[in-house]
Amino acid sequence: HAGEPPPTDQPSPPPPSESPSTSGGGGGAADAEISASGAQFSADSLTLPAGAKSTLAFTNNDAGVQHNVAIFSDSGYSTAVFTGEFVTGPAEKTYDIPTLDPGTYYFRCDAHPTTMTGTIAVR
């Protein structure tokens, strides 16, 4: 035992990164999460906090297909309050959502505006 080095089975902490990780774990990196698969959103309703900037983690699982998340203040999708950049799948993007007033908002994928839609409750 005399010549053995001390055990080093303690993993070292990962280095800090520029962007928050959204891969598994405790979550909490984003205020809301949604994904696209088969040209459909994983959810048709989201909740975001009112009166503060928020983040939306978006995962596009459709290989070679562009999707985005755009948020509108009206159900006719005429007044955009946020338009996320398109993401070609498979890829992930965290959108920085501006401060929104309490209320109901509407979201869609601008590439698939009739099939990929939903509502956002801001409270």
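Q: What percentage of the residues in the protein chain is buried?
A: In this predicted model, buried residues account for 32% of the 123 residues in the protein chain.

Q: What is the mean pLDDT of the chain?
A: The mean pLDDT is 86, and 77% of the residues reach 70 or more.

Q: Where does pLDDT stay under 50?
A: It stays under 50 over residues 13-27. For this stretch the model has six contacts beyond four places in sequence. Where pLDDT is low, the predicted coordinates should not be read in detail.

Q: Let us turn to the fold. How many helices and strands are there?
A: The protein chain has zero helices and 11 strands.

Q: Which strands form the open sheet, and in what order?
A: Four strands form it, in the order β2-β1-β4-β9, and their pairing is mixed. The strands β2 and β9 stand at the edges with a single partner strand each, so one side of each has no neighbour in the sheet.

Q: How do strands of a sheet pair in general?
A: They pair through backbone hydrogen bonds, either parallel or antiparallel.

Q: What share of the contacts joins residues at least 24 apart?
A: Among contacts between residues at least 6 apart in sequence, 60% join residues at least 24 apart.

Q: What about A111: where does it lie?
A: A111 lies in the loop between β10 (103-108) and β11 (117-122). Its C-alpha atom is separated by 9.4 Å from that of V65, although the two residues are 46 residues apart along the chain.

Q: Which residues is A111 in contact with, leaving aside its neighbours within four places in sequence?
A: A111 is in contact with Q66, N68 and F86.

Q: Why does A111 count as partly exposed?
A: A111 counts as partly exposed because its relative accessibility is 38%, which falls between the 20% limit for buried and the 50% limit for exposed.

Q: A new topic: how many salt bridges does the structure hold?
A: The structure holds two salt bridges. In one, the side chains of E85 and K93 meet, at 3.4 Å from N to O. In the other, D110 pairs with R108, and the closest N and O atoms are 2.9 Å apart.

Q: What is the relative accessibility of E85 and of K93?
A: E85 has a relative accessibility of 48%, and K93 has 28%. E85 counts as partly exposed, and K93 counts as partly exposed as well. D110 is also partly exposed, with a relative accessible area of 25%.

Q: Where is the cis peptide bond?
A: The bond from G89 to P90 is cis, with omega near -5°. P90 is found in the loop between β8 (87-88) and β9 (91-97).

Q: What is the phi of A39?
A: A39 has a positive phi of about 55°, although A39 is not a glycine. A39 lies in the loop between β1 (32-37) and β2 (40-41), and it is partly exposed at 24% relative accessibility.

Q: And Y77, what is its phi?
A: The phi of Y77 is near 55°, a positive value in a residue other than glycine. Y77 lies in the loop between β6 (70-72) and β7 (80-83).

Methods
Residues are numbered from 1 along each chain as its sequence is written. This is a predicted model: local features need pLDDT of at least 70, side-chain atom pairs count only at pLDDT 80 or more; totals for chains, interfaces and linings use all residues. Side-chain values use heavy atoms; hydrogens and water are left out. pLDDT is the predictor's confidence in each residue, from 0 to 100. Contact means heavy atoms within 4.5 Å. Helices (H or I, at least four residues) and strands (E, at least two) are DSSP runs, numbered from the N terminus. Buried means under 20% relative accessible area, exposed over 50%, partly exposed in between (1.4 Å probe, protein chains only). Two strands pair if DSSP finds at least two bridges between them. A salt bridge is a side-chain nitrogen of Lys or Arg within 4 Å of a carboxyl oxygen of Asp or Glu.
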